[in-house]
Amino acid sequence: SPRDIRAEYCNWGRVAVQSIYFYSTRAGGGKSANAEPQQLTVLQGEQLQMRRARTMRPALLIVACCTRVDALQLHHHKTVRRRDVSQKALRLDQPLLRIGNKVTNWVPAVGAVAGATVVGAAAVVAGGYGLYYAGNLVAGANLAGPDWAKRRVGQLKAVGESVSLAFQDLQRDDSITLEDTWAPCLLEAREDFGEWRGGPAYTAYRFKLKQGSKAILPLELGQEVTFVGLDDRNRPVRASFPLASGRREPGYVEIVAPAAGARRDARVAMGGCTPDQKAVVDAFDQLQAGGEAAVRPGRLAFQYEGSYLPITKLTCFCEEAGALPIIQLLKESLPRGQSTIDKASVFWINGDEDDFALYDGLEALFYKFARKMELACVVDGELHANAQPAGSSDEGKRLAKRKKTSDLVFQRNSDLSGAVEPWAPGTLAVVAGPDHFVDQVVSHLTLTKGYPADCVVYF
């Protein structure tokens, strides 16, 4: 053991020091085995031995001291610093990329280093623009920025997300998928955002699942969530909402609704919010942080029953909060390798400029997938003329056919009508908004653009 080694070295050192002292003090009276020649006198021999003793004494003292130092270093081995060979140079003989438990030896080390250099340079460019973007934010200026820079940053984000998705498939999924039944949840946060006539435009409600941070609801693409709560009279209220958070994000569920007050009443009057939805979010406004509700998978809105496969192009129409399901659809279909979609056109039509409070979500997608996605924002002041309040959350939504109405929004805007391409095999139209908006879009698509009825789905 280190302790025994130290003791042995220390004993040897003490013996060495004592021997040196004894030899140096008694050297004058001793006889050497290799005596001097007989012609030397006794006095000369003694002087020679004394000179030899004085010469050897410092060397033996140094050896004894070094022995003690070595013993102490072996005992306190944690304080001894040793230079590792790997610290001297970059180890290019080891694989640089590992996937799972297998080593990909086909990636050359030099190529990996060169690729890392390129990625680092791109990160520097992106970081520079990020500083510019943050500076504008601090200064309170418009975050306009160069369009080309936004596209490059968006493309870098898209590549990063594609790589992340690819590695997620290789990693172990430790999420817990719940049953298709009611799941208790707690209100974690409530936040107003956007602007509408001097007040907030929307309110986001975030609920934490009580089953834990790894729990997720069994949701399909485009599926809504149904909440149930208690109103101010302790009566249960229930309604379905489009999902604002990712359907695969574990631990919580988030929805968005029109802000309380005149904004919410106006949306109910034009059919953008059902009475059931208003009752539920009114109840949520009374909840304190930690207040309890229940949630489960709701209506499955995105159902394609056509025979034209594969789908390679999406033509999306949305009004106000109808952008939420469109954003969810594009997030999952546009990343490379995730679907057969190679092009998506989005037409966001609202009645007022203040109705684009969710613009950041669509803009971020546009700059990420600028080669795949087209975005057009249209303002039509007469969009909600003669609009009627909606029925219950599910009433009329499950119908496969919509009633034929006049496509006034396209008749008033020839540019909008010309931007919508005629139907071609592999094209699917997705429409999200109040009933009067959906009716006009469906009428235009089926009567003017040649869309088959089963190639249009509704949210």
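User: What makes a space in this predicted model a cavity, and how many cavities of 30 Å³ or more are there?

Analyst: A cavity is a set of grid points where a 1.4 Å probe fits but cannot get out. By this rule the predicted model has three cavities of 30 Å³ or more.

User: How much space lies in the second largest cavity?

Analyst: The second largest cavity holds about 150 Å³. Its lining is made of 14 residues, and G222, Q223, L243, P325 and Q328 are the closest to its centre.

User: Which elements give two or more residues to the lining of the second largest cavity?

Analyst: Those elements are β7 and α7 (323-333). The largest share, four residues, comes from α7.

User: What is the lining of the second largest cavity by class?

Analyst: Seven residues of the lining are nonpolar, three are polar and four are charged.

User: Why is R197 called exposed?

Analyst: Exposed means over 50% relative accessible area. R197 has 65%, so it is exposed. R197 lies in the loop between β4 (183-193) and β5 (202-209), and its phi is near 55°, a positive value in a residue other than glycine.

User: Why is N234 called exposed?

Analyst: The relative accessible area of N234 is 60%, and the cut-off is over 50%, so N234 is exposed. N234 is found in the loop between β7 (223-230) and β8 (236-241). Although N234 is not a glycine, it has a positive phi of about 60°.

User: What makes the peptide bond between L309 and P310 cis?

Analyst: Omega is about 0° for the bond that joins L309 and P310. P310 has its place in the loop between β10 (292-300) and β11 (313-318).

User: What makes a set of residues a nonpolar core, and which residues have the most contacts inside the largest one?

Analyst: The residues must be buried, of the listed nonpolar kinds, and joined through side-chain atoms within 4.5 Å. The largest core has 34 residues, and L314, I326, L330, V346, L362, M373 and V430 have the most contacts inside it. Elements that each supply at least two residues include β11, β12 (343-350), α8 (359-368) and β14 (427-432). The element that gives the most is α7, with six residues.

User: Which residues is V430 in contact with, leaving aside its neighbours within four places in sequence?

Analyst: Among them are F302, L314, F317, I326, V457 and F459.

User: Which residues does the second, separate core include?

Analyst: That core, of 26 residues, includes L209, A215, A257 and V281.

How values were computed: Residues are numbered from 1 along each chain as its sequence is written. This is a predicted model: local features need pLDDT of at least 70, side-chain atom pairs count only at pLDDT 80 or more; totals for chains, interfaces and linings use all residues. Side-chain values use heavy atoms; hydrogens and water are left out. Buried means under 20% relative accessible area, exposed over 50%, partly exposed in between (1.4 Å probe, protein chains only). On a 1 Å grid over the protein atoms alone, a cavity is a set of points where a 1.4 Å probe fits but cannot get out, and a pocket is an open set with protein on both sides within 12 Å along at least five of seven lines; lining residues have an atom within 4 Å of a point. Grid points are joined across faces, edges and corners, and a volume is the space filled by probe spheres set on the points. Ala, Val, Leu, Ile, Met, Phe, Trp, Tyr, Cys and Pro count as nonpolar, Asp, Glu, Lys and Arg as charged, and the others, Gly among them, as polar. Contact means heavy atoms within 4.5 Å.
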